[in-house]
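Colleague: I've got the model open and I'd like to go through the labels with you. Tell me what each one rests on, please.

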Amino acid sequence: MRTKTTKQNKINVVTLGCSKNVYDSEVLMGQLKANGKDVVHEDENDDGNIVVINTCGFIGKAKEESVDTILHYAQRKEAGEVDKVYVTGCLSERYKPDLEAEITNVDQYFGTHDLPNLLKVLEADYKHELIGERLTTTPQHYAYLKIAEGCDRPCSFCAIPLMRGKHVSTPIENLITEATKLAEKGIKEIMLIAQDLTYYGLDIYKKRALADLLQELVKVDGIEWIRLHYAFPTGFPMDVLEVMKNEPKVCNYLDIPLQHINTEILKSMKRGTTHEKTTALIHKFREAVPNMAIRTTLIVGYPGETEEQFQELKDWVEEMRFERLGAFEYSHEENTGAYVLEDDVSADVKFRRVNEIMEVQSQISWELNQEKIGKTFKCLFDRKDGEYYYGRTEFDSPDVDNDVIVDARQHYIKLGEFIDIEIFEAGDFDLHGKPVVKQERPVPLNQKRK
C-alpha cells in the first residue's frame, strides 16, 4: 500500500450520465479552480488522489454503471491508490441511505443540490459571483448551456423530479453572461439543455420565454450555432419556430422526446397528449420550418404495451420519417407513477421491439441521406480519428447524431472551424464528403487594370 502524498491534492472529477451532469461537473470544476485547487476531468492517468464521482440514476443500466464506478474507486481507496472518494449527482440524491449502507468506503455522499457542501469538504468556498465560470470539458468549440433545473412534469416512467426537484429557470441575463464568456473562450456552438426547455420562463416570467431567450442569445458575438435539446411536446411555444426560421444562428434542429404514439399508453404515461395531437404538432413544425431536423426518442415495452400498440408505434415511425430517432427499453423505476403497474413485457420482447424500431429508422435515415448526395453543407469539425476527420451539419448534435466524414489523407481541415462540405457518399447514418474549394471569381476584361 502506498503512503499518502504530501503534495497538493489533485481532484479528479468523473462524470456519468447526460449532458446536464457534464454541465454540473464543469460548474464544480470552475468553483474548485477559482479556489486554487488542482482539478482534472476524468484524468487519463487516473492519478488524482481525491475522486469526485458525479453519478446518474435515471434508468437501470445507468444506475449499474454508477454503482460499478463507485465500487471501482472504493476499491482503489481500500488499496491505498486514492485518499478520498466523494459521490454526488442523481444516484446519490435518489439512493443516499442505501448507498451509505452498502458502500461504506466512500467518504461522503451528496445530492444534486449540495454543491456548497461538497465544496466545503473539498476545502473550497462557494463563490456566488462566478456566474458562467466553468471549466468546459467538451471540445473547445462547443459547450452546453443549462437554462433550467428540475422538472414539473408528471410523466409516470420518469424519476427525474425525484432527483432534480421542481423546475427552476435561470434568468435570461445570467444566461447571456454565461454565453458571452463561452464565446470569449472560442465557443462557436451552444446547446441549450434542461429537463424541459418548453417550460422555460413560466416560473420567473409567468410565460413561456424560450423564444425571448433565443432572441437575446443570437446577439452574442462569436456564437454561430444555437441548438435546442429536450423540449416537451405539450405546451410547446410555437413562437420558437419563428425565431428558428428567421435567425440563421438558431439551428434548424429540435430534440423533442415523444416517447410513444398510442393514445392509451400516452395517457398512462401522463404525457398530456394523444396520437392525433402529437401528429398534428409534428406537421406544424414541418410547415413552419420545412428543412428542420427533428430528433426524438421512444420507449418500448411500457407496462401493458400490446403487439397492436407497438405496431401502431412502428407504423407511425414509418409515416413520420424522423430525421433522427432513438428507441429505448422501458425501465421499471421505483417511486415513479408507473411502478405500481406490472412490468409485464419481457426483456426479450423489449429487446426485439427496440431492434424493429431501429431497423425502420435505419432505412428512413439511409433514404434521407441519399437525398444529400451532391449537395453542400456548412459543417463544424469536432475531431480527427485515425485517417479521418469527423464533423457535423447544423442538423446533427455531437455524440448522438450523424457524422460527416472527410478523408484526412486527401484533405486538411482545422478542427473547430466551419467548412463547406460537398457530400459524395451516404450510408445509414454517416455522410462522406470533401471540402468545397472556393475559387476566385474572374474579373471582367473591361474592369481589369490597364
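Modeller: Happy to; bear in mind that this is a predicted model. Let's begin with α11: its 14 residues should span 20 Å at 1.5 Å a residue, and the end C-alpha atoms are 20 Å apart, which agrees.

Colleague: What makes you say that the buried residues of α11 line one face of the helix?

Modeller: The buried ones are Q309, F310, L313, K314, W316, V317 and M320. Looking down the axis of α11, you find them within an arc of 160 degrees, so they line one face.

Colleague: Why is Q309 called buried?

Modeller: Buried means under 20% relative accessible area. Q309 has 15%, so the label buried applies. As for what surrounds Q309, leaving aside neighbours within four places in sequence, its contacts are H260, N262, E264, I265 and G304.

Colleague: And what do the buried residues of α11 pack against?

Modeller: They pack against α9 (263-268), α10 (275-288), β12 (293-300), β13 (324-329) and α12 (347-370). After α11 comes R321, with a positive phi near 50 degrees.

Colleague: Over to α6 then. How do you know which side of α6 its buried residues are on?

Modeller: In α6 the buried residues are I172, L175, E178, A179, L182 and A183. Their arc around the axis is only 140 degrees, which puts them on the same side of α6. The face turned away from that buried side carries E173 and E184, which are exposed. Exposed means over 50% relative accessible area.

Colleague: What covers the buried residues of α6?

Modeller: The cover includes α1 (19-34), β6 (142-146), β9 (189-193) and α7 (210-217). Along its length, α6 (residues 172-184) reaches 18 Å from first C-alpha to last, close to the 18 Å expected for its 13 residues. Just after α6, G186 has a positive phi of about 105 degrees.

Colleague: What about β3 and β4?

Modeller: Six bridges link them in the parallel sense, and I53 stands opposite V87 in β4. The chain goes from β3 through α2 to β4, making a right-handed β-α-β crossover.

Colleague: What makes a crossover right-handed?

Modeller: With the strands pointing away from you, the path from the first strand over the helix to the second runs clockwise. β4, α3 (residues 90-102) and β5 also make a right-handed β-α-β unit.

Colleague: And why call β4 mostly covered?

Modeller: Five of the six residues in β4 are buried.

Conventions:
Residues are numbered from 1 along each chain as its sequence is written. This is a predicted model: local features need pLDDT of at least 70, side-chain atom pairs count only at pLDDT 80 or more; totals for chains, interfaces and linings use all residues. Side-chain values use heavy atoms; hydrogens and water are left out. Helices (H or I, at least four residues) and strands (E, at least two) are DSSP runs, numbered from the N terminus. The expected span of a helix is 1.5 Å times one less than its number of residues. Buried means under 20% relative accessible area, exposed over 50%, partly exposed in between (1.4 Å probe, protein chains only). The arc is that of the directions from the helix axis to the C-beta atoms. Contact means heavy atoms within 4.5 Å. Two strands pair if DSSP finds at least two bridges between them.
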